[in-house]
2 protein chains.
Amino acid sequence: MTGTAIDFSKRLDQTAEDTEALLARLLADAPLPDEIVRPKRLIEAMRYSSLGGGKRLRPFLVVESAAAFGVAREAALLAGAALECIHCYSLIHDDLPAMDNSDLRRGRPTLHKAYDDATAILAGDALLTLAFDIITRDEIHKDANVRLLLTRALARAAGIGGMAGGQMLDLAGEGRFGDREPVDVARLQQMKTGALLRYGCIAGAILGQSSQKEYQALDDYGRALGEAFQIADDLLDVEGDATALGKQTGQDAALGKTTFVTQLGIEGAKKRVGDLLARADAALSIFGAKGDVLRAAARFVADRKN
Amino acid sequence: MTGTAIDFSKRLDQTAEDTEALLARLLADAPLPDEIVRPKRLIEAMRYSSLGGGKRLRPFLVVESAAAFGVAREAALLAGAALECIHCYSLIHDDLPAMDNSDLRRGRPTLHKAYDDATAILAGDALLTLAFDIITRDEIHKDANVRLLLTRALARAAGIGGMAGGQMLDLAGEGRFGDREPVDVARLQQMKTGALLRYGCIAGAILGQSSQKEYQALDDYGRALGEAFQIADDLLDVEGDATALGKQTGQDAALGKTTFVTQLGIEGAKKRVGDLLARADAALSIFGAKGDVLRAAARFVADRKN
């Protein structure tokens, strides 16, 4: 491993550790007035699904894109935690029997398996809601306009034109509502998985009150990284190791899903990842050496084994 | 009917009509960049559950509490629409087979019956998310701090310490997760149904940048109204007419639920409603004649037949 690779890995681990601690605190200190009964089972379920693991890639992108503008780490971590709440909620709901019906996640039973469907639905709802509580907090930025921009962009990344809309198109493409609907994988995944990853990148620009040019650069970078992430995911489902992944492989093929691999072939998909990494690098050029960690992040995403 | 009653009914209908038109517009013009594929089924499902009916009581409370401070009607309607999105999402998820398993809502099949469970989960998620897109919009208030206060208060009303937490306590009280957990109905309902109704009332104070005293008055009023609303609901489940209600009655008894009626008896519950109306009136005293519509709203909520 090169020095840079060791440094990257350390930074990623440190942000994961900090995010874990922050989420644990946010879920322990959930802001409840005295008169309110603490819904213990709900909070336990939220903790089950949001603590204890994950690479915390989305918070890492917030922290590192914000670092390019000298934003205080604590503020970026808080915005990252809000984004991670959205990510965790989406995994809980996607795993439900009515959706992807998955039993295993990160090597553990999924939330509805460990608890029950009603608890999983509510815990997902509550994590989604908590994200919007967190992202508005004063500690994130002194300027209320900045916090509002962050909040609205988060709602759009998660909503109809982002993650939720992409998940619906994905289910329609599987033929869940009748005939399989035709799928444009790149556009679908730009919504389903891309929107949150891209948010992680532009959140830094918003927090840093960047120039329009810098914002656009991080937006371009985020799009390239998001697509590379999904292609790697599709490749892992074909070539990956179930133990390392902590979930079953071959699920896309079992569902007859249209993926980057079915559209481009394995070699075509790998070539496309190379093109996307070049695009990510090019987008970051205006940041010079300040873009090094983000450059490494794109490589990490493309080469990951889980 | 007295003149005041006619006027109240007209005002309620007008706000319902305006809210309907606004929600239809918000869901038709959902903010999607050109490159995004419009997830048609998702938007159709969101429209199915959020358009075509309902008293729109929560938006009405926002509009009328805001009117006491001379806030522009358009701004209050927009905040009301955000609140109504949260309300509609909660009905969709509560109706799911894994939750209350209800087939009928407002005299029509529930969303998961008309579509399917996956669509219902996603439509609920997307409405919850859309609420936070709407509540941050510039048209709601020129001061970003005001919009942030509205946003955070909405997240708290809907979250762990509010609606989602209350629904979890309600399910636990039904014995859904093992032995029935003891229930304090007043505190549970203050969360489950009270938090959103109360938000409708304090939203006006936030929009109107009220004094602390006026905020507290609307907060007290909103709490009294919220509890009166739920007692009326519990009474309707025992004494109401299923056709007028557009849903089955006797569901609480069938589930062996602890309600205001099982705790206080029918007469005790009715007496408690009277006390709450007096409390609502007292809270509004500082508004003088400007509180008349809200006074009538509390009576309407207590006396409603559906």
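In this predicted model, helix 6 of chain A and helix 7 of chain A are roughly antiparallel to each other, because their axes meet at about 160° and angles over 145 degrees count as roughly antiparallel. Helix 6 also takes part in the contact between the chains: helix 6 of chain A packs against helix 6 of chain B. Elsewhere in chain B, helix 13 bends by about 90° at Ile266(B).

**Helix 6 and helix 7 within chain A**

- The axes of helix 6 and helix 7 (residues 144-158) of chain A lie 9 Å apart.
- These two helices of chain A, helix 6 and helix 7, cross in a right-handed sense.
- On the helix 6 side of chain A, the contact involves Ala131(A), Phe132(A) and Ile135(A). Helix 7 of chain A contributes Leu150(A), Thr151(A) and Leu154(A).

**Helix 6 against helix 6, between the chains**

- Helix 6 (residues 117-135) of chain A and helix 6 (residues 117-135) of chain B pack at about 15°, with axes 10 Å apart. That angle makes the two helices roughly parallel.
- Helix 6 of chain A passes helix 6 of chain B in a right-handed crossing.
- From chain A, this contact uses Ile121(A), Asp125(A), Leu128(A), Thr129(A) and Phe132(A). From chain B come Ile121(B), Asp125(B), Leu128(B), Thr129(B) and Phe132(B).
- Phe132(A) is listed both in the contact with helix 6 of chain B and in the contact with helix 7 of chain A.

**The side of chain B that touches chain A**

- Contact between the chains involves 53 residues of chain B and 53 residues of chain A.
- Five helices of chain B each supply at least two residues to this side: helix 2 (40-50), helix 6, helix 7 (144-158), helix 8 (163-173) and helix 9.
- Helix 6 of chain B gives the largest share, eleven residues.

**Helix 13 of chain B**

- Helix 13 (residues 260-284) of chain B has 25 residues and would span 36 Å if straight, but its end C-alpha atoms are only 25 Å apart.
- Its buried residues are Phe260(B), Val261(B), Ala269(B), Val273(B), Leu276(B), Ala280(B), Ala283(B) and Leu284(B).
- The cover over these buried residues includes helix 9 (185-207), helix 10 (212-239) and helix 14 (292-303) of chain B.

**Val273(B)**

- Val273(B), in helix 13 of chain B, counts as buried because it has 24 C-beta neighbours inside 10 Å.
- Leaving aside neighbours within four places in sequence, Val273(B) is in contact with Ala228(B), Ile231(B), Ala232(B) and Ala302(B).
- The C-alpha atom of Val273(B) is separated by 36 Å from that of Ala114(B), 159 residues apart along the chain.

Conventions: Residues are numbered from 1 along each chain as its sequence is written. Chains are lettered from A and ligands numbered from 1 in the order in which they are written. This is a predicted model: local features need pLDDT of at least 70, side-chain atom pairs count only at pLDDT 80 or more; totals for chains, interfaces and linings use all residues. Helices (H or I, at least four residues) and strands (E, at least two) are DSSP runs, numbered from the N terminus. The expected span of a helix is 1.5 Å times one less than its number of residues. The bend at a residue is the angle between axes fitted to the seven residues ending there and the seven starting there. A residue is buried if 20 or more other C-beta atoms lie within 10 Å of its own, exposed if 12 or fewer, and partly exposed in between; C-beta atoms are placed from the backbone. Two residues are in contact if their C-beta atoms, placed from the backbone, lie within 7 Å. Axes are lines fitted to C-alpha atoms, for helices over the stretch in contact, and angles run from 0 to 180 degrees between N-to-C directions. Angles under 35 degrees count as roughly parallel, over 145 as roughly antiparallel, 65 to 115 as roughly perpendicular and the rest as oblique. A crossing is left-handed if the near helix is turned anticlockwise from the far one by less than a right angle, and right-handed if clockwise.
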